[in-house]
Amino acid sequence: MPNLFKMPVLQIDNLSKNYGRLKALNKLSLTVEKGQIMGILGPNGSGKTTTLGIILGILKASGGDYSWFDGTMGHNYRLNIGSILETPNFYPYLDADDNLEIVRQIKKVDDRNFDDLLDLVKLSGRRKSKFKTYSLGMKQRLAIAATMIGDPDVVIFDEPTNGLDPQGISEVRNTLTEIASRGKTVIMASHILAEVEKICSHVAIIKNGKLLATGPVGSILSSDIFLELKSDDTDKLMGFLRSNQSIKKIELKDGVIECTASENLNPAELNASAFSHGIQLSHLVSRKRKLEEEFLEITR
Amino acid sequence: MKSPVKEKLMFRLIKLEWTKFRKNTVIQLLILFFFLFFPACLYFGTLIPELPSFLPSKESFFQFPDIWDYLGYAGNWIAFFFIGVASVYLLTIEVSNKTMRQSIINGLTRNEFFLSKLLSIIIISAIASAFYAVLGLIIGLIHTEGFDLVAAFDNDWAIARFFLMCLSYTSFALMLAYIFRKSGLAVFFYISYVIIIEPLLRYFIIERVEEASFTRYFPMNACEDLMPLPVMRYANAIPDNIDFAFLLEYKEAVTATIIYLALFISLSYFLFKKRDI
């Protein structure tokens, strides 16, 4: 019997996409399981939207394969996915109700009542205004409401907070967290680390169309400690640090020594030990490495 | 809970197109202008000065059966412009608003989307033809003495020819929309092809090639010959340095148009299925 809780919702196999000589995607493989909140993280132009475009059937892959719901839904898989790609796409001359009605008809959903959805995204007051009169934040929220029509098992968001002001970003993030808490499988593309870190359970890091790393957010986020040290006698300090077993990497940048150390290193003890070796530190900073640096490290 | 609405596919797609476009100002205006300008053309008919004696009197243009030819020719221009441009717009506005993309993302298959546009142009052409039929009947009844329904419809399948003509314009326009994807470009090419490019091309071929009667089978000329300028029938009798009839016989025009129709639609389909959206 298949394990229902481990069912792959999406399986991507060696997906490639070429635009002329440019390889937008280069043999990318990725699996998303039921209930995961998967963040696809990568700099702009890394292939995030291309990947989503292919798995949603609007872009043709140059190679590779993908399958949704283990192939159980055939060509109808998109009816069980709510998705926004790049920008909120609606008919500018229609109001929120008409635009949602069009999505409802396409999704073959019976329920014509959009009150709850519009409440969720706080658009009830403007539901009779034309889409073209909306602010960017309102457009994005309407798009989020549209993804929820028919209560799909999977929702996909592509750069959901792009171009929004801080107020809009916080509103959209709250809505996304709310949606994620309903037990849906969420796939979210973003180039903003903090967003992925806050919302996602899993992360896949993409650069130049290649998958660099994937796994639970906690495992990608390394537990190493990052240290900055400075002393009048830099050479002596370097020698002292090299003799320490916990320190993995040492680099000298503009007179400041930067190093990574395993998490059992205690900065206070290090300071005391240095002093007993006759080294006086003029500068000591320690912090846990954040995903941001990890991300820059991985994508460098 | 989900419970898929069970409706016939065609009905579902027509309803979807209706929801998308019933409040669209451009489509509303184009169709309104079609309905206004079509009968208005008749008014210009009354302004024609006396015709040369070898032609029938202009009064006969408003009577059965000539009303069908005259009204059909007026409709030829009106349909070419308003319905053709509307057909381009039906697709290009979905490209520019990225709603075509979103429709597919939301779950419409490419086949369904393609079919929805095809159904739209068929329905628009059918409505235009119904309007032509009603208009022709009313005007004919007013101007013809005596009421004879059989004589009224003795018109060489004019209504069916009108429908085919509309379908040819709209499917050509829709094909250009699939090719160019941008309203401006597609409309510009559509209008300039029909009134400049093809006539010029024919002109150059007729000038240079001895056996040039095949140019009458060019796509838009064949389509126009479904509803030709009525007096052109008489022009066939006027001797000229061109040694072939100006117009295609109806049968020839119908056959050519149906072949082009199949070509336009299959090319559109092929392009739409193959390209990224």
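Strand β6 (residues 154-158) of chain A is mostly covered, with 5 of its 5 residues buried. This description refers to a predicted model. Burial in β6(A) extends to both faces: A:V154, A:I156 and A:D158 are buried on one side, and A:V155 and A:F157 are buried on the other. In general, side chains in a regular strand alternate between the two faces of the sheet.

**Strand pairing in chain A**

β6(A) has a partner in strand β5 (residues 81-84) of chain A, and the two run parallel. Within this pair, A:S83 is found opposite A:I156 of β6(A). β6(A) is also joined to strand β7 (residues 185-190) of chain A, again in the parallel sense. Here A:D158 has A:A189 of β7(A) as its bridge partner.

Other pairings involve strand β12 (residues 256-261) of chain A. Strand β10 (residues 225-231) of chain A runs antiparallel to β12(A), and A:E228 faces A:E258 of β12(A). Strand β11 (residues 247-253) of chain A is likewise antiparallel to β12(A), with A:I247 bridged to A:A261. β11(A) and β12(A) form a hairpin with 2 residues between the strands, where A:D254 has a positive phi near 50°.

| Strands of chain A | Sense | Number of bridges |
|---|---|---|
| β5(A) and β6(A) | parallel | 4 bridges |
| β6(A) and β7(A) | parallel | 5 bridges |
| β10(A) and β12(A) | antiparallel | 5 bridges |
| β11(A) and β12(A) | antiparallel | 6 bridges |

**Chain A as a whole**

Chain A contains 10 helices and 13 strands. Its C-alpha atoms fill a box of roughly 80 × 45 × 45 Å along the principal axes. The domain assignment divides chain A into domain 1 (4-220) and domain 2 (225-299). The centres of these two domains, taken over C-alpha atoms, are 41 Å apart. Of the 300 residues in chain A, 39% are buried. Among the contacts in chain A with a separation of 6 or more, 70% are between residues 24 or more positions apart.

Helix α1 (residues 48-55) of chain A is mostly covered, since 7 of its 8 residues are buried. The buried residues of α1(A) are A:K48, A:T50, A:T51, A:L52, A:G53, A:I54 and A:I55. Just after α1(A), A:G57 adopts a positive phi of about 85°.

Strand β9 (residues 210-216) of chain A includes A:L212. A:L212 counts as partly exposed because 16 other C-beta atoms lie within 10 Å, while a buried residue has 20 or more. The C-alpha atoms of A:L212 and A:F295 are 10.0 Å apart, although 83 residues separate the two along the chain.

In soluble globular proteins, nonpolar side chains tend to be buried together. In this model the largest nonpolar core has 78 residues, and A:L142 and A:A145 touch the most other members. Helix α4 (residues 136-147) of chain A provides the largest share of this core, 6 residues. Beyond its neighbours within four places in sequence, A:L142 contacts A:P88, A:F90, A:A96, A:N99, A:V121, A:L123 and A:Y134. Another core lies apart from this one and holds 59 residues, including B:I78, B:F82, B:A86 and B:I124.

**Chain B**

Chain B has 11 helices and 0 strands. Of its 277 residues, 37% are buried. Residues 24 or more positions apart make up 82% of the contacts in chain B with a separation of 6 or more.

The average pLDDT of chain B is 87, and 88% of the residues score at least 70. Over residues 1-5 of chain B, pLDDT stays under 50, and the model has 7 contacts beyond four places in sequence for this stretch. Where pLDDT is low, the predicted coordinates should not be read in detail.

**Contact between the chains**

The contact involves 29 residues from chain A and 25 residues from chain B. On the side of chain A that touches chain B, helix α2 (residues 96-107) of chain A gives the most, with 7 residues. By class, that side of chain A has 14 nonpolar, 7 polar and 8 charged residues. For the complex, the predictor gives an ipTM of 0.88 and a pTM of 0.84.

Terms used. Residues are numbered from 1 along each chain as its sequence is written. Chains are lettered from A and ligands numbered from 1 in the order in which they are written. Domain bounds come from an automatic or database domain assignment. A residue is buried if 20 or more other C-beta atoms lie within 10 Å of its own, exposed if 12 or fewer, and partly exposed in between; C-beta atoms are placed from the backbone. Two residues are in contact if their C-beta atoms, placed from the backbone, lie within 7 Å. Ala, Val, Leu, Ile, Met, Phe, Trp, Tyr, Cys and Pro count as nonpolar, Asp, Glu, Lys and Arg as charged, and the others, Gly among them, as polar. A nonpolar core is a set of buried Ala, Val, Leu, Ile, Met, Phe, Trp, Tyr and Cys residues joined through C-beta atoms within 7 Å. pLDDT is the predictor's confidence in each residue, from 0 to 100. Two strands pair if DSSP finds at least two bridges between them.
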